[in-house]
Amino acid sequence: MSNFLDITEINCIWQKGEHNAFTDLCFYDGKFYCSFREAQRHVSNVGFIRILHSEDGKSWTLCSTIREANRDLRDPKFSHAPDGKLILSYYSVRTIEDTKQRIGENMVRFSGDGVSWSTAKKFGDTDWWVWRLNWHNKKAYGIGYYYPSNRVQLYHGDPRRTFELLDDNIFGLDKNGKGYPNESDILFMDDGTALCVLRRDADTCTAQIGVANAPYKDWSWTDVGYYVGAPKLIKVKGKIILAGRSWNKDEGCKTSIWLVNSARLTLDRLFTLPSQGDTSYPGMVVSKDRLLLSYYSQHQENKCKIFLANIKIN
């Protein structure tokens, strides 16, 4: 447990689907919103998006369901556009039956109330999974990955209009000697510096912390020494908090929270949430003296359920 953060309450907020996973969380127009994917299993031919809302962060109600015929809609994530719209980005995957090949497209929708959503628009490049959008100076930035390439690309723009490739290799096997970079999150500091946490799933599988100044083409990377999956960064009272999936031989997979030292580029684990097995993919929101954190886990009844942790900020 941490002197800075203390868990006060953890509740299951959704368990109706067979496999409920891959969450995100935001606060918009006076309400909290939690998005996640519901499907038969971790990888399915068909999956759809659920969105819950809450006025107090404790009692949650289903407000939207988004489906696309014969598609697996994966990892829905929120962001706030400069014009005030709530953005929902996700990865839409179709499976070719004859070959079982899976083809992915980045999709975006927007809303003015968090309930009714626009039609979907494709952005980015086919099969390059843009993991999360982060806005800075009226532009959205996102890092895309494609496994056979063994590198990640940085995009920028407005995904509803024009979203362009900024750099085709900010980290990769050929460039950095470390394989399979993929999921990421970027946090922009007050001076415009970008800080990124990047997951890897090859060789040592150790995550990376990257730092870059505008125009974000020249990145400096530091190996943190251990695995971090589905990273999510947030500022909390002047500190940088990271949530994601941890793994080691003794514990297996867990959902953990770290304190990021932006000067030394190191991570200090604060605590681990009740979790096991197929777990993590968190979202976070700061609300006054609380940090709300959504995640999924199968530590109850061996079923993947959506949980909401209420964490007091001291």
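I started at L62 and listed its contacts beyond four places in sequence: L62 touches W14, R50, I51 and L52. I note here that the model is predicted.

I placed L62 in strand β5, residues 61-66. L62 is partly exposed, at a relative accessible area of 35%.

How many aromatic pairs does the count come to? I got 20 aromatic pairs. I looked at the pair of W14 and F36 next. The ring centres of W14 and F36 lie 5.9 Å apart and the planes meet at 50°, so I logged the pair as tilted. Edge-to-face would need over 60 degrees, and stacked under 30. The pair links distant parts of the chain. W14 is in strand β1 (residues 5-14) and F36 in strand β3 (residues 31-39), 22 residues apart.

I moved on to F22 and Y281. Their ring centres are 5.0 Å apart with planes at 65°, so this pair is edge-to-face. F22 sits in strand β2 (residues 19-28) and Y281 in strand β23 (residues 280-287), so the pair ties together parts 259 residues apart in sequence. I checked burial for both. F22 counts as buried at 1% relative accessibility. Y281 is buried too, with a relative accessible area of 8%.

Which residues do ring pairs link into a cluster with F22 and Y281? I wrote down Y91, W129, W131, Y145, Y147, Y180 and Y296.

Last, I looked for charges over rings. I found the charged end of R67 over the ring of F48, 4.0 Å from the ring centre. I also found R160 over the face of F110, at 5.8 Å from the ring centre. The distance limit is within 6 Å, and I kept both entries.

Back to W14 to close the page. W14 is touched by L62, and the ring of W14 pairs with that of F36.

Methods:
Residues numbered from 1 in each chain as written. Predicted model: local features only at pLDDT ≥ 70, side-chain atom pairs only at ≥ 80, totals over all residues. Heavy atoms only, no water. Phe/Tyr/Trp six-rings, centres within 6.5 Å; stacked < 30°, edge-to-face > 60°. Helix = DSSP H or I, 4+ residues; strand = E, 2+ residues; numbered from the N terminus. Buried < 20%, exposed > 50% of the residue type's maximum accessible area, 1.4 Å probe, protein only. Lys NZ or Arg CZ within 6 Å of the ring centre and 35° of its normal. Contact = heavy atoms within 4.5 Å.
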